[in-house]
Amino acid sequence: MNYIINQKAKYREIFFSDNFLDKNINISKNISIIIVAHIIDTGIPYIKTLDKYFSLEAIIPKQKSINQELLKFFPKQKMLNLSREGVNNAEEVVNLLKKIPENNKIAFLDIGGYFAQIGNAVKDKFGDRFIGIIEDTENGYQKYLRQKLKYPVISVARSLLKENEDYLVGQAVVFSAEALLREQGILMNGKRIGIIGIGKIGNGILSSIMSKSSQVSIFDINPVNLIIAHSRGAKIDNKLNAIKEAEILFLATGSLSLKQEEYRYIHNGSFLFSITSSDDEMDLSWLKRNYETEKVSKYITKYEKNGHYFFLVNEGNAVNFIHGAVVDDFILLVQKEMIDTVIELSKNNLDNDIHDGFDKIKKRIANSWLNKILKINI
């Protein structure tokens, strides 16, 4: 771990501990946590805090975002090396939880709806001890929305605190895309660019590329999102036109933006960049069955069928993780909200539904962030 990352980890741990958890240590140590986590530098102080204040039972690493050099800074004995991007069989999780103290409450911290298929089974097994799930992402939110829930889910995906992170993720996506294109002697400037999905991350992408004199076409199923992006200079188009015209295509829906025959509309020679895991953003299995592949570089693969070809970057996974997915200290806002929400979840008897979280937490965290990170008192 380099010097700067190490220094950041120290003050981030202090921020996570600020003003709240020490008062609740008797509560939090009786809460068993299983967390899905990115194994990157910003995860180090986050996991350390959970391990210190809660009963951290297991970490499920997101396989597509494991930084092997940083893996040693995470508690190895608590790693569950599951290769798939979601648990469909509750048995292995239930067997793990059988070993925890009988008076412990149970909460899951999720990224991408990893536990969506098994949450009800865990609730059936552990009853009121299972207090619920806290979900970090929009695509995870959508997965829980499709379930008939027997437990509460707190989503921070649409939290005002997360808007900063999502916007910066969009900018990080463009940074990584531009770096990889430059390696191939290609600039974004003046290119026809398409964005499928113009939510918070999509708007971050749009903001970054509008300064490059590019022609940007957008598609989204939400008309409000389209109007906002249009006011910032993007051209609204239907999905297939946006795909056909784009020399560079960003997939930013988190919900299967490309599937089956839609691939044949992709502009010849286009580069495709995703903002999330390939299994959430595209039907990659169909693509591999129907197109021939050729490795162009470490992160770029050419797909071709009968003269039609395009380039898929990072195997359809989030391109920003190639360069560390940097969003700096803004990530602390959401991580702290998830930490503090566990305590509130344990104190409140919420309906078996999806909830947007606790306003008092958001305000307290924002004040603490201004004070501890920016050194501003208001």
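**Notebook: pockets, sheets and a buried helix**

I began with the lining of the second largest pocket, whose residues divide into six nonpolar, seven polar and three charged. The model I am reading is predicted. For the volume of the second largest pocket I noted about 380 Å³. I then looked up which of the 16 lining residues sit closest to the pocket centre, and found Lys 64, Ile 66, Tyr 299, Phe 321 and Ile 322.

**Parallel sheet**

I traced the open sheet of six strands and wrote down its order as S2-S1-S3-S4-S5-S14, with parallel pairing. Which strands stand at the edges? They are S2 and strand S14 (354–355); each has a single partner strand, so one side of each has no neighbour in the sheet.

I checked two pairings here. Strand S1 (residues 31–39) pairs with strand S2 (residues 55–66) in the parallel sense, over seven bridges. As an entry point I took Ile 33, whose bridge partner in S2 is Leu 56. Between S1 and S2 the chain passes through helix H3 (residues 43–53), and this β-α-β crossover is right-handed. Strand S3 (residues 105–110) and strand S4 (residues 130–135) run parallel and are joined by five bridges. Phe 108 has Ile 133 of S4 opposite.

**Mixed sheet**

I followed a sheet of eight strands next. This sheet is also open, its order is S8-S7-S6-S9-S10-S13-S12-S11, and the pairing is mixed. Strand S8 (235–236) and strand S11 (292–295) stand at the edges with a single partner strand each, so one side of each is left without a neighbour in the sheet.

How many of its five residues are buried? I count four, which leaves S6 mostly covered. S6 runs parallel to S7, with five bridges between them, and Arg 192 has Gln 215 as its bridge partner in S7. S6 also runs parallel to S9, joined by four bridges; there the bridge partner of Ile 195 is Phe 250.

Further along the order, strand S10 (residues 271–274) and strand S13 (residues 308–313) pair in the parallel sense over two bridges. I recorded Leu 272 with its bridge partner Leu 312 in S13.

**Helix H8**

Is helix H8 largely enclosed or largely open? Eight of the 10 residues of H8 (residues 200–209) are buried, so the helix is largely enclosed by the rest of the structure. I listed the buried residues as Ile 201, Gly 202, Asn 203, Gly 204, Ile 205, Leu 206, Ser 208 and Ile 209.

**Lys 162**

My last entry is a lysine in helix H7, Lys 162. Is Lys 162 buried or exposed? Its relative accessible area is 4%, and the cut-off for buried is under 20%, so Lys 162 is buried. I looked up its contacts, leaving aside neighbours within four places in sequence, and found Asp 136, Val 156, Ala 157 and Val 334.

Notes: Residues numbered from 1 in each chain as written. Predicted model: local features only at pLDDT ≥ 70, side-chain atom pairs only at ≥ 80, totals over all residues. Heavy atoms only, no water. Buried < 20%, exposed > 50% of the residue type's maximum accessible area, 1.4 Å probe, protein only. Pairing = 2+ DSSP bridges. Right-handed = clockwise from strand over helix to strand, strands pointing away. 1 Å grid on protein atoms, 1.4 Å probe; cavity = no way out; pocket = protein on both sides within 12 Å on 5 of 7 lines; lining within 4 Å. Points joined across faces, edges and corners; volume = space filled by probe spheres on them. Nonpolar A, V, L, I, M, F, W, Y, C, P; charged D, E, K, R; others polar. Contact = heavy atoms within 4.5 Å.
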